[in-house]
Amino acid sequence: MPKTLLVTGSSGLIGSEVCVYFARELGYAVHGVDNNQRAVFFGPSGDTRWNQQRLQSDLPGFQHHELDIRNRAGVLELVKTLKPAVIVHTAAQPSHDRAAAIPFDDFDTNAVGTLNLLEAARQACPESPFVHMSTNKVYGDAPNGIALVELATRWDYADPAYAYGIPETFTIDQSKHSLFGASKVAADVMVQEYGRYFNLPSCCLRGGCLTGPNHSGVELHGFLSYLVKCNLEGREYKVFGYKGKQVRDNIHSLDVARFMAAFVGAPRAGEVYNLGGGKANSTSIIEAFKLTEKITGKPQVHSYQEQNRIGDHICYYSDLRKMRAHYPAWDLTQSLEDTLRQIVAAWRQKLGN
Ligand SMILES: NC(=O)c1ccc[n+]([C@@H]2O[C@H](COP(=O)([O-])OP(=O)(O)OC[C@H]3O[C@@H](n4cnc5c(N)ncnc54)[C@H](O)[C@@H]3O)[C@@H](O)[C@H]2O)c1
């Protein structure tokens, strides 16, 4: 009998990659939970049904469950019935900026939905690894307090303590998080607590920018995906503050799925990892324009507003040393340019241009 994997947010960028990777590479029987809430959060351009249909047609045996993770009774019942060998939790309201307009939906999904899943796991399958997608926004805007140096096309850390990026020991306290960051802190700490208090094999992956060809990128979420879409459509990309030199690190969803598989192979309890592309896969917005223009041959139409996004990181890249130390067989396999090329190819196919 194949082992069973339960993935929440299975129609999203990370969830769908995990479904494919665990089914094809590791032989898992995969169950996905998703109710296309992304289309409710972001409107029709956030619709993820196409990805759900892709999984249903490409993965033999994939089972979709149209369930809202806020439905506590439904979550408890599903996990009790399946008793999955692994749970990967990626369903979320993922946008920093969107959360302020929908605080109840944001907290109920991100914090309470995670608690529903943790408690369901503790009751039904306490031995099964539980992987939670957290975010670097748990650090709030505290990284903006690090001394920076302004280079020609990007900001970088001036303090040599951060030469490798932000480590997991960085403070999550006493900074501005956005309501999204705060609801994700609640979930992150709860996942750690189920690890420490109940010994549930669990980890929080504090993602930088997670990306790849299967993102339904929208203005408020999905940096590179949305940037490429704007480039191909000749649509204006709005830059908010910091001269467009703000830096994000980008990791391909395949490398995220590969790390999750490494963790599942040798799980720990209540761990925390900063999961990103690291310095090598970091880019500023204006550097990303240049690279995209090089790949597509089209100019990036953009505008600039002095006012930055509230709580936006001026420079953030993840220190990957803890991930590499705990799981030495894992490393990044997709460079920033490879990833961008794949995103361009995927949008060209979807947009027919
Ligand atoms: N993409 C990034 O750059 C990034 C960065 C850091 C952290 N993360 C985290 O990684 C996780 C996955 O992100 P993603 O980019 O794949 O997001 P995504 O929006 O592409 O996927 C999330 C999926 O969850 C579903 N969903 C949302 N609310 C739901 C609910 N209440 N019930 C059932 N399904 C629901 C959505 O319909 C969507 O298909 C999230 O926890 C996010 O906060 C993402």
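Mentor: Let's start with a definition: helices (H or I, at least four residues) and strands (E, at least two) are DSSP runs, numbered from the N terminus. Residues are numbered from 1 along each chain as its sequence is written. This is a predicted model, in which local features need pLDDT of at least 70 and side-chain atom pairs count only at pLDDT 80 or more, while totals for chains, interfaces and linings use all residues.

Trainee: Is Asn214 buried or exposed?

Mentor: Buried means under 20% relative accessible area, exposed over 50%, and partly exposed in between (1.4 Å probe, protein chains only). Asn214 counts as buried, because its relative accessibility is 16%.

Trainee: Which residues is Asn214 in contact with?

Mentor: Contact means heavy atoms within 4.5 Å. Leaving aside neighbours within four places in sequence, Asn214 is in contact with Leu13, Ser16, Trp50, Asn51 and Arg54.

Trainee: On to the ligand. How many residues surround the ligand, and which are the closest?

Mentor: A residue is near a molecule if one of its heavy atoms lies within 4 Å of it. Here 32 residues surround the ligand, and the closest are Asp34, Arg38, Asp68, Lys184 and Gly208. Several elements each supply at least two residues of that shell, including helix H1 (13–24), helix H6 (178–198) and strand S9 (209–211).

Trainee: How do the residues of the shell divide into nonpolar, polar and charged?

Mentor: Ala, Val, Leu, Ile, Met, Phe, Trp, Tyr, Cys and Pro count as nonpolar, Asp, Glu, Lys and Arg as charged, and the others, Gly among them, as polar. The shell around the ligand has 12 nonpolar, 15 polar and 5 charged residues.

Trainee: What about the largest nonpolar core: how many residues does it have?

Mentor: A nonpolar core is a set of buried Ala, Val, Leu, Ile, Met, Phe, Trp, Tyr and Cys residues joined through side-chain atoms within 4.5 Å. The largest one has 35 residues, and Leu5, Val18, Phe22, Leu205, Met260 and Leu275 have the most contacts inside it. Apart from it lies another core, of 22 residues, with Val33, Ile69, Ala121 and Val272 among them.

Trainee: Where is Val7 found, and what does Val7 touch?

Mentor: Val7 is in strand S1, and it is buried, with a relative accessible area of 0%. Not counting residues up to four places away in sequence, Val7 touches Gly15, Val18, Cys19, Val30, His31, Gly32, Val33 and Val88.

Trainee: And where is the place of Gln305?

Mentor: Gln305 sits in strand S14 (residues 302–305). It counts as partly exposed, because its relative accessibility is 35%.

Note on methods
Side-chain values use heavy atoms; hydrogens and water are left out.
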